[in-house]
Every structure is written in structure tokens, then in C-alpha cells.
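Open the model in your viewer and keep the selection tool at hand. We will go from stop to stop, picking residues and looking around them.

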Amino acid sequence: MKTKTQEFKSCYDELLSKLFLMTFEDNISYTEVTNNKGETSISLVSDEPQLIQRNTENNSCYYANNFTNNPWYYNNVFDLTAHEILIYSLLLHKCIVEQSEASTISYKELQQLRNKRVGNSKVVDDTTLNAYDKAFEGLCKKRLKYDIGNSRQNKNITYRQYEQPLLMVWNLKEQSNGDMIFDYSLGPFGKTLIESKRYSNLVPAKYFTLNFKEVMTYEIALYVCRIIYINKRKKKPIIITLNSIMKNISKFIDSEKYGLVKYCDALYYSGPNVKRLWHSVIMKVIELLDTLKIELKIKDYVGNYDIIENSPYSVHYQFKEVKWIIYLYN
């Protein structure tokens, strides 16, 4: 019997997928980074030119802008941190539920949505408070430009193209217990996502309550559920390869200034513990599919985990045959 739990609305729009995966290494022109593959286009734009060099040391990283040679000059405008991705997903969930691109939220409500501890005299601890502050600051300072082209002609879309701040916040009210209550808007972009109606409750609730360091686990759930959502009307089983998953999730790494930031697509990561990363993703996919099966969101699945042990070739070659066949209810 299906257990009734809180459900979250997750969005599978390719615009959002492109945004979450975007890095400064995409199609860049100093003041804009763009993903224009397919029918739609989305960009993050900057008022100041950015020529960025990423430096890594001891599994952490920092950025330098070669226009100034200042290691902290890059202002993180061309990609989303782990905190920003998870916070934006929760803000979008609430907007989808309310069918409005604008709403009101508090740090206390965010904690409750994430199933985290809420204190009485102090709503959140200093570490969490700092993480929330940085996430909202980062989301508000980013500028987004998008264009859906000739797609979605069957939908009543108010804004087919627009340029805007990624997030707008106003009416901030700080409470005596450290809580922060405020109005926010996802703007025309949020309205376009809502009107496109490419969302559902497929992603299990527990993936919205993950710690920020587990953002890759959330990305795996979002991608796999997106593929299921896209193919839900087809009668044939769905095949998802490990390679495709790795290409659509990010490897995150610590940075002193911004916290967890995208290092590269997981598929192309070549740093320490590469094999462990691939094995970890396999186990996370299995856990996700088991959960979807328990929640009756898929009928069953079969995994092919054959890999070439002791292969002289790269890890990508060793894992190339790993895939999952997913069976849906008719």
C-alpha cells in the first residue's frame, strides 16, 4: 500500500535543466554564458566582463578573473552553487503549488520543507543561516536571459523570451529569533516554467530534504525522473545509461568563498577517486529506482551492472555498458 507523505513538485523543463548544469565553461563571451542546444536558449549574463581561470588545490578550488588578476574577483554569476540549486528548487516547488511565480517564504519554512531542525529561541544555527544568506544573495545577483523560440505552441505562454534577475526578493522582515520572512518572485522565467506545465511529484520527497553536500544525489533524481516523465506515455520500457546520467549531473567541489560549486560534468571528471564516483552514482541510481518502485511510481526495473574489471582502458570504457531498463505502469 502506498504510504502518504509530503510530496514536492519538481520541474523537468529543459530550460531549468540547462540552468542547473550551466558553468562558465559553456559557450562563453566574457559577459554571457549560453546553452542554446535544442529549440530553447538560456543564458546567464554579467554586467562586468569575466575571463575566468579555475585553480584547484587539496580538493578545493578558487577562481581568478584574468582581467584583474584578483582571485576573488569572479562573482559566481555564470553557474549555480549546490545551495542555490536546492533553494531554487524549493522556491519553485512552492510557486508551482500556488500556481504563481511570486510567493512568501521564511527561513523557518525552508527548514521545515527540508525536514531540518527548527529551534525556538533561534530558528536556525549560524552555519545554516550563513548558507541561506549566501544562497539568496547568489540567486538575486544572477541575471538570466531565455528564449523558447518556436516551441510550446500548444501552451499559452505569456513570456516567450525575457531578461531578468534570476530571483527577486523584497519586504524582508527579520524576527527576534533570527528568522527571516520575505516576499519573492521567480519573474517571467518562473511564470514560463509554470505555464509550460512540465512538472510532477515524481521525485521522492526525501530528495528535497537532502543536505547541501548531497546535491549530486538530487541531480540524479531530477534527471532520471525527467526521463521517466518525458517517456511516460510510451508503452515501451525506458532505457537509461550510466553515461547519460553522468553527463547530466555535476561534480561539485568546495570553494572557500562560495561553498560547493560545480567543478565539471561528472562524466568528464578526471580528478581523485574517479572510479569511486562512478560506483557511487550506480548505488544512488539503484536507491532512487527502489524508492520509485516502493512509491508505485514505476512498476519495476532491471539493471545491467556488467563492467570490465582490470581493463587497461579508461573508467568511461569500463562503465559504458551499465544501464537500467525501467518498466512503467500501463
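Select Ser-89 first. Setting aside neighbours within four places in sequence, Ser-89 is in contact with Phe-20, Phe-208 and Tyr-218. Keep in mind that this is a predicted model.

Is Ser-89 buried or exposed? Its relative accessible area is 5%, so Ser-89 counts as buried, the cut-off being under 20%.

**Helix α2**

Now widen the selection to residues 82-98. This is helix α2, and Ser-89 lies in it. Of its 17 residues, 15 are buried, so α2 is largely enclosed by the rest of the structure. Try the distance tool on its end C-alpha atoms: they are 25 Å apart. At 1.5 Å a residue, α2 should span 24 Å, so the two values agree. Step just past the helix to Gln-99, which takes a positive phi of about 55 degrees.

**The nonpolar core**

Next, select Leu-19, Ile-245, Val-281 and Trp-324. These have the most contacts inside the largest nonpolar core, a set of 97 residues. Helix α6, residues 215-230, gives the most to this core: 12 residues. Zoom in on Leu-19. Beyond its neighbours within four places in sequence, its contacts include Ile-42, Leu-44, Leu-80 and Phe-189.

**Helix α4**

Move to residues 126-141, helix α4. It has 16 residues and reaches 22 Å from its first C-alpha to its last, close to the 22 Å expected. Colour its buried residues: Thr-128, Ala-131, Tyr-132, Ala-135, Phe-136, Gly-138 and Leu-139. Then look down the axis of α4. Where do its buried residues fall? They lie within an arc of 160 degrees, so they line one face of the helix.

Turn to the face away from the buried side. There you find the exposed residues Asp-126 and Glu-137. At the start of α4, find Asp-125. One of its side-chain oxygens reaches to within 3.0 Å of the backbone nitrogen of Thr-127.

**The rings**

Last stop: aromatic pairs. The structure holds 13 of them. Select Tyr-132 and Phe-212. Their ring centres are 6.4 Å apart and their planes sit at 90 degrees, so the pair is edge-to-face. Tyr-132 is in helix α4, while Phe-212 is in the loop between β12 (199-200) and α6, so the pair ties together parts 80 residues apart in sequence. Tyr-132 is buried, at 0% relative accessibility. Phe-212 is buried too, at 12%.

Methods. Residues numbered from 1 in each chain as written. Predicted model: local features only at pLDDT ≥ 70, side-chain atom pairs only at ≥ 80, totals over all residues. Heavy atoms only, no water. Helix = DSSP H or I, 4+ residues; strand = E, 2+ residues; numbered from the N terminus. Buried < 20%, exposed > 50% of the residue type's maximum accessible area, 1.4 Å probe, protein only. Contact = heavy atoms within 4.5 Å. Core = buried A, V, L, I, M, F, W, Y, C linked by side-chain atoms within 4.5 Å. Expected span 1.5 Å × (residues − 1). Arc of directions from axis to C-beta. Polar contact = N/O pair within 3.5 Å; in protein donor to acceptor, adjacent residues only side chain to side chain. Phe/Tyr/Trp six-rings, centres within 6.5 Å; stacked < 30°, edge-to-face > 60°.
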